[in-house]
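The points are grouped by topic.

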Amino acid sequence: MSDLTLTGIRKSYGKTDVLHGIDLAIRSGEFVSLLGASGCGKTTLLRIVAGLESVSAGAVAIGGEEVTHLPPEKRDIAMMFQSYALLPHLSVAENVRFPLRMRGHGSRADQAQRVKTALEVVRLDTMADRLPRQLSGGQQQRVALARAIVSNPRVLLLDEPLSNLDARLREEMQVELIEIHRRLRLTTLFVTHDQDEALSLSDRVVLMNGGRIEQEGAPRALYDRPETAFASSFLGAANLIPVTIAAGEAVFADGQRLALGQGAAAGPATLAMRQEDIELSRVGGALRAKVVTRVYLGSRHRYILDLAGQRISVLAANSLTLEPGDDATLSISAGRTRILPA
Amino acid sequence: MTDRRETWLLLAPGLLLLALGFLLPIARMLALSVDGPDGFTLSAFARFFQDGYYPSILWRTVWLASIITAICAVIGFPMAYIMARCNPTLRLWLVMLVILPLMTSVVIRTFGWMVLLSRSGLVSRTIRDMGFGGRSFQLMQTETAIVIGMVQVLLPFMVLSLMGVIGRLDPRLEEAARTMGCTFLGTMRSVVLPLAVPGLVAGSLLVFTLAASSFVTPSLLGGARLEVLAGAVYKNVTQTLDWNFAAAQATILFAGIALILVPYLRLGGNRHG
């Protein structure tokens, strides 16, 4: 059974259409990410679920009950904001108790117990009496998370909760979110523009582009089998090269040919190759290219190469050293290329 | 070193004005209030508290200022909230509308109220026609008239102080409260109001001091019977020419306002400190 069902959600501001009919169902306990660049409508969709924005058309159902026109406080949800939105005049414990108090959940003692449990989950039970501004950014974030899970909502909404943290804290919080989700099994809708977050946290990723769902699926499936050029370039840095398909081979602009593992209709198409799937060598590869730039990344090098007049990016081990201007060859296993519509 | 000198240079005009225009006259007033024919005396203060007349004026002054402040806060808070949250064009119009009363002369404005509130005036007549009040009912020369006239002028101080503070609050806090089960009014009470306390304190401070020290509006709308302290001072200076007694009254007004405001400021400071 789905905890959250969105049917034909449309949203326009004046003449601008932000969402063009979104259909989405989230199963109980599922962790779904809305992934997309800024302006793709993902945050608007989340706010519609929360009841903070109205819909122009379509319906929202939470736990099988239609809530399209109910105000936020009548919906069984909790939302965590990018800016955390902790109430500055209340202590950590009072912030976490706030949803319980407002929704009238349980007795005072019962509420205190639930606050304590929620703060233990995020490992902040020793900070209960502090004010939000006495905490670090990472701690404030965890208070916001505790406040979101304390009321055990039917649907948990997370609006880019990790984007204000530095890289190290973000990775820690990712692990923490995975563990908390495994423990509590809250139905979660997570908005992010960061593909790594979406891929590492979710059961299912919904890739959005221009107010539409571009593609959805399990992270692995989405990453390995993108169906459009957009999906392919947004998830992992894919090299997209215009080619012509002829006799099961991709023909490049300069006449080079690459055998394909999959059948594809003859005619113009786009060849997608991920930078980590391409093997770079001095000689012996299937395709010839020229080194344009070399970037040292620490654990390896990134090379920018010229392949048939197109710039492509390739990752290579540090043992290989090519200089700009050198000739190089590329090989890629037939199963790792994708042919997309031109 | 130069930094410090520049700081002093920048401060100098303001400090000079404050010293010459405020501290010096206040010192002179304090000196005058304890000055008698034979040097130091507290006789002026003794005279103030001699019978119930002057204390009752003091009490009326403080009481009216409190009522005016409270009404300004109750009317001003929702208005300031809407002004802080509406779009910039509407906000500009509302700000203009709010400060419009300040742009007209106090005399003209007050005479306008006199016309409306007098026995044959529109407001008094309407109230009589609706069956409230007796045959000779009128609002002129009542405390109500003073309150109405003062609230109109002092409302902008409350609204603008509150608007500044509410405008700086993150609207996400209100949205967060809504997603946590707060109704709109609940959000006002549990989130916006507590966080707007500094603005409320600043606005109340302005309204209260201005209300307690005003005398044109109270004397015109309240009449001779409903005297306030500032009016009494004025009368002593211009009519009885008893400057020592006037200085004593001014000192008492000054001390009375300070006595009420200091704990109030503390309240604002603590809630947010």
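Which residues of H4(A) and H5(A) meet? From H4(A) they are Gly138(A), Gln141(A), Arg142(A), Leu145(A) and Ile149(A), and from H5(A) they are Leu169(A), Met173(A), Glu176(A), Leu177(A), Ile180(A) and Leu184(A). By class, the residues of this contact of H4(A) with H5(A) are 7 nonpolar, 2 polar and 2 charged. The model is predicted.

**Chain A overall**

- Chain A contains 8 helices and 20 strands.
- The C-alpha trace of chain A spans about 75 × 45 × 35 Å along its principal axes.
- Chain A has 342 residues, of which 50% count as buried.
- Taking contacts in chain A between residues at least 6 apart in sequence, 65% join residues at least 24 apart.

**Packing of H4(A) and H5(A)**

- Helix H4 of chain A covers residues 137-149 and helix H5 of chain A covers residues 167-184.
- The two helices pack at an angle of about 15°, and their axes are 12 Å apart.
- H4(A) and H5(A) are therefore roughly parallel to each other, as the angle is under 35 degrees.
- The crossing of H4(A) past H5(A) is right-handed.

**Ser202(A)**

- Ser202(A) sits in the loop that lies between helix H6 (195-201) and strand S9 (204-209) of chain A.
- Ser202(A) has a relative accessible area of 8% and is therefore buried, the cut-off being under 20%.
- The side chain of Ser202(A) makes a polar contact of 2.4 Å with the side chain of Ser33(A).
- The Ser202(A) side chain also reaches the backbone oxygen of Ala198(A), at 2.4 Å.
- When residues up to four places away in sequence are not counted, Ser202(A) touches Phe31(A), Ser33(A) and Pro219(A).

**Packing of H7(B) and H10(B)**

- Helix H7 (residues 143-167) and helix H10 (residues 197-213) of chain B pack at an angle of about 160°, with axes 8 Å apart.
- That angle makes H7(B) roughly antiparallel to H10(B), since it is over 145 degrees.
- H7(B) and H10(B) form a right-handed crossing.
- On the H7(B) side the contact is made by Met150(B), Leu154(B), Phe157(B), Met158(B), Ser161(B), Leu162(B) and Val165(B).
- On the H10(B) side the residues are Pro198(B), Gly199(B), Leu200(B), Ala202(B), Gly203(B), Ser204(B), Leu206(B), Val207(B), Leu210(B) and Ala211(B).
- The contact of H7(B) with H10(B) comprises 13 nonpolar, 4 polar and no charged residues.

**Packing of H4(B) and H7(B)**

- Helix H4 of chain B (residues 88-103) packs with H7(B) at an angle of about 145°, with their axes 6 Å apart.
- H4(B) passes H7(B) in a crossing that is left-handed.
- H4(B) contributes Arg91(B), Val95(B), Val98(B), Ile99(B), Pro101(B) and Leu102(B) to the contact.
- H7(B) contributes Gln152(B), Val153(B), Pro156(B), Phe157(B), Val159(B), Leu160(B) and Met163(B).
- The contact of H4(B) with H7(B) has 11 nonpolar residues, 1 polar and 1 charged.
- Phe157(B) takes part in the contact with H4(B) and also in the contact with H10(B).

**Phe137(B)**

- Phe137(B) is placed in the loop between helix H6 (122-129) and H7 of chain B.
- Phe137(B) is partly exposed, as its relative accessible area is 24%.
- Phe137(B) is 19 residues from Ser118(B) in sequence, and their C-alpha atoms are 9.2 Å apart.
- Apart from neighbours within four places in sequence, Phe137(B) contacts Arg119(B), Ser124(B), Ile127(B) and Arg128(B).

Technical notes
Residues numbered from 1 in each chain as written. Chains lettered and ligands numbered in written order. Predicted model: local features only at pLDDT ≥ 70, side-chain atom pairs only at ≥ 80, totals over all residues. Heavy atoms only, no water. Axes fitted to C-alpha atoms, helices over the stretch in contact; angles between N-to-C directions. Helix = DSSP H or I, 4+ residues; strand = E, 2+ residues; numbered from the N terminus. Parallel < 35°, antiparallel > 145°, perpendicular 65-115°, else oblique. Left-handed = near helix turned anticlockwise from the far one by under 90°. Contact = heavy atoms within 4.5 Å. Nonpolar A, V, L, I, M, F, W, Y, C, P; charged D, E, K, R; others polar. Buried < 20%, exposed > 50% of the residue type's maximum accessible area, 1.4 Å probe, protein only. Polar contact = N/O pair within 3.5 Å; in protein donor to acceptor, adjacent residues only side chain to side chain.
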